[in-house]
Amino acid sequence: MMASAFQRAKALPVSGKVGLALVIFWLAVAVFGPMLAPYPVGAFVAYDVFDGQSAKHWLGSDYLGRDVLSRLLSGARYTVGLAAAAALLASTTGTALALTAAVGGAKVDEPLSRFMDMLISIPSKIFSLVLVAAFGSSLGLLLLIAAFTYVPGNYRIARALAVNLAQMDYVQVARARGEGRFHIAIAEILPNMIHPLLADFGLRFVFIVLLLSGLSFLGLGVQPPDADLGSLVRENISGLGEGALAILAPAVAIATLTVGVNLLIDAIGFSGKGKGR
Amino acid sequence: MAGASTRSGMSAALTLIGKRFASSLLTLLLVSMTIFVIAQLLPGDAAQEALGQSATPEQVAALRHEMGLDRPAHVRYVSWLAGMVSGDPGQSLVANMPVSEVIAERLPNSLLLAALSALVAVPVALAIGIGSAMNRGGRIDRALNIVTLSMVAVPEFLVATIAVLIFSVKLRWLPSIAMASSDMGWGDYLRGVAMPILTLSVIVIAQMARMTRAAVIDQMDRPYVEMAVLKGVAPVRIVLRHIMPNAIAPIVNAMALSLSYLLGGAVIVETIFNYPGLASLMVNAVTSRDMPLLQACAMIFCAAYLILMLIADVTAILANPRLRAQ
């Protein structure tokens, strides 16, 4: 298993290797980052605000004189963790509904697909803004809002895959054998759509990272004292005029994370399609 | 007979377009219901919020009545929808003036920004898309693929930040805050909005170039192109004379689809540059929980999105030779 994963990684084109390295790097940062932080997240440790790079502060200091590197390591955990959880929730919900539609017949499929088509025609950022205005933006709600926004996209792809598979001979055989709908959905159809679904999960993750950091950037996402990478960009926006590292570092961090995932998915070669940002 | 068959083909296409248009309208209606339901699910209500905690229940009830909040939800929905259609989506709670006036002030700014960004993005995206399709599998194509693939995933505010760093901090060519007002001349206006346009274009170009490349490559694999190659037609001529006429519709389709990225991008870009447009207005409405204003802005964005999707589908229908030739 390990050996085959290693073989596969070695067979990737250069862009895919870069992508994989970035993904592994950010996963590691999300897990271990806060332990490696040189200073406490909220501590005022520098005498100057918007300090440049120095030996004491590798990424300088922020608008209150806090250590940017420490805040970035902690912010990455919020960004990666929230987005991964939301993408997982969106994918499992969308796929579960898609399987229900595929084995449930037209009576289930028609209304469900109509509803999802309607939701997909609301631009994701606009939809999430309305949801945030109505419900607020605690961490739990943000997770649910991001997941809910991207369920329809996953549903559309998973349904297309599942409906195709449901027509295959081996599924017809299972049906003739008298297998129940649940068994057909889980044991016959689902295993054969895992690969494209994984690629779609990666895409959802990218969309959700961009959505959540966009919301945080607008001040409508993760609220202080918690801070994800988007909040770090927002709180240091006054440093933009002097080109502060404090604003550039978190923005570049988000970009390397999302670009990494994108490069990896592209190199693996299951190009899913769906609603973008 | 050719004339008759063309006519029936056209009418078949028209029927399809009519159906597509009707389904867009139906979707818009359903979207309006969804937005209304979500926006009205508020834990507190607007009357309570407007009066604050110290208000007596009688005061709240009186204001609720005045604002029409004591009517059943479906009645409120119908009157809101009727207001939206007739151009009067209610009263903005925060600005204390009609939503239509607040929006009328901002909408032209956003439309202008979108139009100018599209004007920049379309030719650049076409050049990149066609260029990399002609170089398919080559070095330039692979490099452009990596660049556009990365740009698709870069957050808008990073593009904006880098643009500000380069053009206003280092080079000092452009102001870092967008300035737009009616009394400005065109030159000043363009200087003021250059940065938002640049940022929005970069976001759209990446997506548009990828889709243009796909549309052109789809044509390249057709037998008629192979025929032209075997005849010895020059590559540039193949693209311009043989492929482009057939790829126009898929490219227009791709343009319409990727222009929808402007809608989401505008939310961030208008805010970061302080541009007085509809998207920054909507963000303010979220912050102040000004629901009538928010609902109206959301509906305008959804309508714009549906119009772009409609254009994309209609070009696809018109381009389908099976429909034209039926």
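**Briefing on a predicted two-chain helical model**

From the N terminus on, chain B runs α-α-α-α-α-α-α-α-α-α-α-α-α-α, a total of 14 helices and zero strands. The model is predicted, and the mean pLDDT of chain A is 86.

**Confidence in chain A**

- In chain A, 95% of the residues reach a pLDDT of 70 or more.
- Helix α3(A) has the highest confidence, at 93, whereas helix α1 of chain A (residues 2-11) has the lowest, at a mean of 73.
- Over residues 271-277 of chain A, pLDDT stays under 50, although the model has 24 contacts beyond four places in sequence for these residues.

**Helix α3 of chain A**

- Helix α3 of chain A covers residues 68-104, and its 37 residues should span 54 Å at 1.5 Å a residue; the end C-alpha atoms lie 52 Å apart, which agrees.
- Of the 37 residues of α3(A), 26 are buried, so the helix is mostly covered.

**Regions listed by UniProt**

- An unreviewed UniProt entry lists residues 20-47, 80-106, 126-151, 201-223 and 243-265 of chain A under "transmembrane region".
- In the model, residues 20-47 of chain A are 61% helix and 0% strand, with end C-alpha atoms 38 Å apart.
- Residues 80-106 of chain A are 96% helix and 0% strand, and their end C-alpha atoms are likewise 38 Å apart.

**Contact between chains A and B**

- Contacts between the chains involve 38 residues of chain A and 42 residues of chain B.
- On the side of chain A that touches chain B, the elements giving two or more residues are α5 (124-135), α9 (194-217) and α11 (245-268) of chain A.
- Helix α11(A) provides the largest share of that side, with eleven residues.
- By class, the side of chain A that touches chain B consists of 25 nonpolar, ten polar and three charged residues.

**Chain B**

- Chain B has 326 residues, of which 37% count as buried.
- Among contacts in chain B between residues at least 6 apart in sequence, 72% join residues at least 24 apart.

How values were computed
Residues numbered from 1 in each chain as written. Chains lettered and ligands numbered in written order. Predicted model: local features only at pLDDT ≥ 70, side-chain atom pairs only at ≥ 80, totals over all residues. Helix = DSSP H or I, 4+ residues; strand = E, 2+ residues; numbered from the N terminus. Expected span 1.5 Å × (residues − 1). Buried ≥ 20, exposed ≤ 12 C-beta atoms within 10 Å, placed from the backbone. Contact = placed C-beta atoms within 7 Å. Nonpolar A, V, L, I, M, F, W, Y, C, P; charged D, E, K, R; others polar. UniProt positions renumbered as here; feature names shortened; annotations may be inferred. pLDDT = per-residue confidence, 0-100.
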